[in-house]
Amino acid sequence: MKIFCGIDWAEDHHDIALVNERGDLVAKLRISDDLAGLEALQQLLAEAGDGSGDPIPVAIETSHGLLVSCLRATDRPDYASNPMAVARYRERRSVARAKSDHADALALANILRTDADHHRPLPADSELIQALAVLARAQQDAVWNRQQLANQLGSLLSESLPAALAAFQVKNVGLAHAEARAVLAAAPTPAAAAALSKVRLRSILRKAGRQRRIETRAEHLAGVLREPHMRQLPRVEEALGQQVRALVLQLDTAAQAADDLAAACAERFTQHEDAEIITSFPGLGELTGARILAEIGDDRSRFADGRALKAYAGSAPITRASGKSLIVHHRKVKNQRLAAVGYGWSFATLSGSRGHYDRRRSIGDRHTAALRNLFNRLLGQLHHCLITRQNYDENTAFPTPLPAPA
């Protein structure tokens, strides 16, 4: 008789429930979150008839963690169920809203028993893809953290050193740039900034990595930093300078982490066979390509078609129809990391797909909606190229429109 397993996940322990095809409880167990707990789970599954030829499917409320990784290594079907969905399934059996860890494990097992066909197992991604996903997501988090610290620094400088904002919030240079961090580390207060000589500024710029127009840039910075601005009281100004220096140190660490992780991502990405196809698309380099590949994986059975991938990325619209009401809007439930890459990717491809963008604008789409539609089309093309193992061809992807008949 077919057996189904549900695991209610927690930080220090997990509740296990096994049910048969009729929904009868076969076994239950609470295990610890360690090697002994994993061995106890494997023993319980083995006693229930688990084998390499017919492994027992498992449903759990998370797709991360050591337990999930060990279960995926056994090549069994593992289903990551949304906790909100589990709560709705639980309410099918009881309206009293009673809740327990064992009841949640039982609900997860019954989800597989009754509706396994409506849920997708975790993808069978290769070890390289799983490692790439760790690095790509960590790098993206480091970039977001770097920008958050830069925003905090900008807010602080607006009340302590406004001249720095005028000096560094310009095109191609921001507060997260190495030049800005180096100057602010050397002069975090208005008095120290105004006292920086051109010779000192040239030395700071060289150490920060600038190689061209050093003299011009140093003269510009000296002029901006010496302009008169409103000032805080001396002791308050000094205290704010210490806060600026502390934020710059954090920003240095975040920027270095982002750079190191970007290099590691590029190294792993180039080792994958899909790298050549992905980077053949305009606007996709090693880092953006790594982020996309990390999210879609290399299990090509994960998405039944291009439409499924578009829905996963949030680029495909969603329709809500009820009676005479019909509303079409963009998806909010999506892979946020993939959607974040998509906006920059579609914007970077405008040189070759401007016609498609302009057509979307002409029918009433706003800039963001037109870019999302372009991302939607690019995703479909990427899915096709990965399935058919061919590189991107602009003439095929965006053919020249035929002239209108006379």
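Predicted model: local features only at pLDDT ≥ 70, side-chain atom pairs only at ≥ 80, totals over all residues.
We begin with empty space, which shows up when a probe the size of a water molecule is rolled over the atoms. The largest pocket has a volume of about 1,500 Å³, and its lining is made up of 40 residues, with Ser63, Ala80, Leu122, Arg302 and Tyr312 lying nearest the centre. Among the elements that give two or more residues to this lining are helix H2 (66-72), strand E5 (78-80) and helix H14 (306-313), while H5 gives the most, with 5 residues.

We turn now to the aromatic rings, of which the structure holds 4 pairs. One of them joins Phe281 and Trp345 in an edge-to-face arrangement, with 6.0 Å from centre to centre and 75° between the planes. This pair links distant parts of the chain, since Phe281 sits in the loop between helix H12 (275-279) and H13, whereas Trp345 belongs to helix H15, 64 residues apart. Both Phe281 and Trp345 are buried, and together with Phe375 and Tyr392 they form one aromatic cluster.

Phe303 and Tyr312 make another pair, which is tilted because the ring centres are 5.3 Å apart and the planes stand at 55°. Phe303 counts as buried at 6% relative accessibility, and Tyr312 is also buried, with a relative accessible area of 19%, because buried means under 20%.

Definitions and conventions
Residues numbered from 1 in each chain as written. Heavy atoms only, no water. 1 Å grid on protein atoms, 1.4 Å probe; cavity = no way out; pocket = protein on both sides within 12 Å on 5 of 7 lines; lining within 4 Å. Points joined across faces, edges and corners; volume = space filled by probe spheres on them. Helix = DSSP H or I, 4+ residues; strand = E, 2+ residues; numbered from the N terminus. Phe/Tyr/Trp six-rings, centres within 6.5 Å; stacked < 30°, edge-to-face > 60°. Buried < 20%, exposed > 50% of the residue type's maximum accessible area, 1.4 Å probe, protein only.
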